Amino acid sequence: MTLFKSLRVRLSQGTQYIPDLRGAVPSGFRGLPILAVGACGPECNECRAACPTGAIALDPLRLDLGRCVFCQACVEACPDEKIRFSSEPKMGAARREELVLHSGAAEKTRVRASASFSRIFGRSLKMRQVSAGGCNACELELNAIANVNFDVQRFGIEWVASPRHADALVLTGPLTRNMKAAVELAWEAMPDPRFLVAVGACAISGGLYEGAPGVDRTFLESVGPSLFVPGCPPHPLTFINAVLDFLGVD
Amino acid sequence: MDAVPVLETTAWRDDVLRRSRAGERVLTLYGKRLEHEVSMTAAFRDEAGRVEITRTRATIERGYHGLTSDLPALHCFERELHEQTGVRITAHPWLKPIRYEGQEPSAISSYPFYKIEGKELHEVAVGPIHAGVIEPGSFRFMCHGEQVHHLEIQLGYQHRGVEQRVLEGDPKRLAPLLETVAGDSSIAHAWAYCAAIESLSGCDLEIETEFARAVALELERVAMHLSGLSGLSADLGFLQGATTYGRLRTTAINTMMRLCGSRFGRGAVRPGGIGMVLPAGLLADVRANLGLVREDLAVINDCFLESATVQHRLRGTGMLSRAHAVELGLVGMVARASGVAIDARQQMLEGAYQVMPLEPQLQEDGDCWSRARIRIAELEASLVWLQRCLARCDTWDQPRKPLGALAPSQLVLALVEGWRGEVIHSIETSKGGQLVHYKLQDPSFRNWMGLAISVRQNEIADFPICNKSFDLSYCGNDL
C-alpha cells in the first residue's frame, strides 16, 4: 500500500526544477528598481523622505540597493513616477559602491568573474550560513536555493554544517552584539582561501537596524564582504545568479 | 487610558491571581520605566472573548512580590519586565535575562546554565550556531545516557532592538520594520501594527479590506505550515515529504508574490488598507494555484500519515500534556495540539473571520504527531476558507484610507492569530498624541518553555524533531 501511495506522490510531484536559472524571471517579483531619466521637480524630496532606510539620494536621483528594502514607499511618494520596480532578480555586486543605481544608467554586469575565484571555487563551492539578527526571511530564501525548484547543487554549490568545511561564510542579519563572538569564531574556523558574502539589506548596510542598540557591525569593518546580495529578502535567483557570476559559471 | 483601572500594587497582584484562577487568560504583561517607578500593565481575556486591562505602579527598589511561583505562565513576562525596567521582583525562581538587552556582549556567554549534579550525568551544549541554515540559539541538555533530564534554552542572540527602533520613526510608516520582527510572520505582525495604528487614528476599514488581509494571513499560514511539514519530514528522513511539502510551499509563496511582489508578503498590509492587487486574470491564477495545492496536498498527506517511519518517530515523542500547556500559558497551534482551544480567529467580534468563520481545529495528545496533525488540519481548513473567500471576491481596488492624528492618552492592544499563534502589539500614546510605548509579543516568547519541557525524558536524538514540531521564532523572541 505504502508503495502505491508513494508512487502517487511521485506522479503528482512531476518535474519541478527550473531548467534555466540564469534566464528565469520570477513573475510578479518586486526586483531591480529602474530610475527614469530626467530631472526631478524643483526641491522635491518626497521619495527620500518616505524611504525607511535612507536608500535614496537626490541631485541626481540615486538608489542604494544595499539599503533598499523594496517596500515601494518611494514609488508611492513620487509625484512624477520616476521610480518603478522591475521583476529582474539579478542585483548582486562584488563591490559595495556598485550597488548604487543611477538614473538612466545603462545596463551593466555588476558581478564580474574573478579568474582566481573561478579557478578555485568554480566547480565546487561549500558555504556556511550564519544568521546574526536575520528575521528568518533571508534564511528561508537561502534554504530554498537547495530545494527541488532551484536545485543549486547542480553547480556543485552546497550548504555545509561546519565552518571547517566551508569556502564561503554567508551572513544574514544586521550583525547583533550578542552574535559578534560567534560570527568571529565561525570565520576564524574557516580554512583559507575563504570569502564573505553579505545577504540582504540588513547584512549589507544594517538596513532597518542600522545604529540600533543591539547591533555591532565592527566585524564587517575588519573583514569586508567579497559579494553583496541585495533584497529584503533576496529572491533565491538573486543569490544564485550573484554567486554564479562571481564564480564565472555560465 | 484614563478608563484603565490603576490599582495599588498588592491589589493588582491579587487581581491577576484572582482573574487567572477564575479562568481568565493573561494575554500580556509588560512594564514601562518612569524614572524611579515602573508602570505595569496586564491584559486578560475571558472565555467570552472580552479583554480587560489593569495597571499598577511600583517603585524600582521596592518592586513587588513575583507572580511566577503562583502562575508559571508569567515567568517570561516577569523576566522581561525585570530585564527591561530593572524593577525588583522578589521570590521569582529564575530571573535569567531573556535577551541581554543593553548588556556587554560577554554577558550572554557568562550567565550560568542550570546544573544537575551526578556522576553519571553529562551535559551537551549546542549553539548558538546550529548545523543548518537557521537562526541562532543556545541549547544545553542535561542527560543521563541518551535520556534528556532537562533542557535549558538560552536565546537573545538575535536581539537587535526592535522595540526601541519602533519609537524612533514616524508611527504611520513603521510597516517595513514590523514586517521584520519575525520575517516568516510578516503579515501577522504588519496586520497587528496596522490595526493598532488605525484604531488610534480613527480609521475604519471596509470589510473587503479585512478580507484581503485575512487572505494574506491565511496564505502565510499555508506557506509556513507547508514549510514546517517539509522540514519535519527532512528531520525524520522522510524525503518524499520534504520535497513535496516543500514544492507546494513554493506554489503558495509564489502566489503571495503575484499578489504583492514578495514571497513573504512584504508590502501586502499597509496602514489604511493593503498593498496587494488582484486583477481578474490574477484571481483566476490564484484560485487555480490554491486548487492545485489542495489537490496535491491530499496525495502527500495520505502518504505521510500512513507511513510507518513517520508514525514511529512522531507518536509519543515530545509529549506535552494539556495540563502543562495550560500551566505554561502556551498559545497557538502548539497549544491546540495539546487540546487547548485558543485561537483568536474564533473569538473575533467583527471582521472577516466573524463574517466567514473558519473551521476550528484541535488535537488532544500533545506529542509531535499531534503537532504534525494540527498543521495538516489547519492547512486544509485554511485552504477551504481561502477558496470560499476567493470564490465570492472579485477585486481589491479600494484605495488606502488616510490616517488622522493619533488619539492622545490611549492604550491599544491588537491581536492577530498568526500561523504560530497570537501576535500581540500593545501601543500607548502620550497626552500629546505621541507614540510612547510599543510592546511587541510574538507567540514564540511564551512557547519556547513548552519545547524545553516537552523534551524531558526523550532521547537527545529526538530533539530536532521536537524543535521542528514547535517551529518557534528566535528573532520574534529576541526582538
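Is A91(B) buried or exposed? A91(B) is exposed, because 11 other C-beta atoms lie within 10 Å and a residue with 12 or fewer counts as exposed. The structure is a predicted model. In it, 53 residues of chain A are in contact with 51 residues of chain B. The points below cover that interface, the domains and helices of chain B, and some local backbone features.

**Contact between the chains**

- On the side of chain A that touches chain B, at least two residues come from each of α1 (2-13), β6 (125-131), α5 (137-144) and α6 (180-188) of chain A.
- The largest share of this side comes from α1(A), with seven residues.
- By residue type, the side of chain A that touches chain B has 27 nonpolar, 19 polar and seven charged residues.

**Domains of chain B**

- The domain assignment of chain B gives domain 1 as 6-90 and domain 2 as 185-431.
- The C-alpha centres of domain 1 and domain 2 of chain B are 30 Å apart.
- Contact between them involves 10 residues of domain 1 of chain B and nine residues of domain 2 of chain B.
- On the side of domain 1 of chain B that touches domain 2 of chain B, β2 (25-34) and β4 (51-59) of chain B each supply at least two residues.
- β2(B) gives the most to that side, with four residues.
- The residues of this side of domain 1 of chain B are eight nonpolar, two polar and no charged.

**Helices of chain B**

- Helix α6 of chain B runs over residues 186-200, and its 15 residues should span 21 Å at 1.5 Å a residue; the end C-alpha atoms are 21 Å apart, which agrees.
- Of the 15 residues of α6(B), 14 are buried, so the helix is mostly covered.
- Helix α7(B) has 30 residues, which should span 44 Å at 1.5 Å a residue; its end C-alpha atoms are 43 Å apart, which agrees.
- α7(B) is mostly covered, with 27 of its 30 residues buried.
- Just after α7(B) comes G237(B), with a positive phi of about 80°.
- α7 (residues 207-236) and α16 (residues 463-470) of chain B pack at an angle of about 175°, and their axes are 9 Å apart.
- α7(B) and α16(B) are therefore roughly antiparallel to each other, as angles over 145 degrees are counted.
- In this contact, α7(B) uses G228(B), G231(B), L232(B), D235(B) and L236(B), while α16(B) uses P464(B), I465(B), K468(B) and S469(B).
- The residues of the contact of α7(B) with α16(B) are four nonpolar, three polar and two charged.

**Loops and local backbone**

- A91(B) has a positive phi of about 60° although it is not a glycine, and its place is the loop between β6 (89-90) and α3 (107-110) of chain B.
- F70(A), also not a glycine, has a positive phi near 55°.
- F70(A) lies in the loop between β3 (62-64) and α3 (73-77) of chain A, and is buried, with 25 other C-beta atoms within 10 Å.
- Q434(B) is in the loop between β13 (422-429) and β14 (435-441) of chain B and counts as exposed, with 12 C-beta neighbours inside 10 Å.
- Q434(B) and P408(B) are 26 residues apart along the chain, and their C-alpha atoms are separated by 7.2 Å.
- C232(A) and P233(A) are joined by a cis peptide bond with omega of about -10°; P233(A) is in the loop between β10 (227-229) and α9 (236-247) of chain A.
- The peptide bond from G127(B) to P128(B) is cis, with omega near 5°, and P128(B) lies in the loop between β7 (121-126) and β8 (138-144) of chain B.

Definitions and conventions
Residues are numbered from 1 along each chain as its sequence is written. Chains are lettered from A and ligands numbered from 1 in the order in which they are written. This is a predicted model: local features need pLDDT of at least 70, side-chain atom pairs count only at pLDDT 80 or more; totals for chains, interfaces and linings use all residues. Two residues are in contact if their C-beta atoms, placed from the backbone, lie within 7 Å. Ala, Val, Leu, Ile, Met, Phe, Trp, Tyr, Cys and Pro count as nonpolar, Asp, Glu, Lys and Arg as charged, and the others, Gly among them, as polar. Axes are lines fitted to C-alpha atoms, for helices over the stretch in contact, and angles run from 0 to 180 degrees between N-to-C directions. Angles under 35 degrees count as roughly parallel, over 145 as roughly antiparallel, 65 to 115 as roughly perpendicular and the rest as oblique. Domain bounds come from an automatic or database domain assignment. The expected span of a helix is 1.5 Å times one less than its number of residues. A residue is buried if 20 or more other C-beta atoms lie within 10 Å of its own, exposed if 12 or fewer, and partly exposed in between; C-beta atoms are placed from the backbone.
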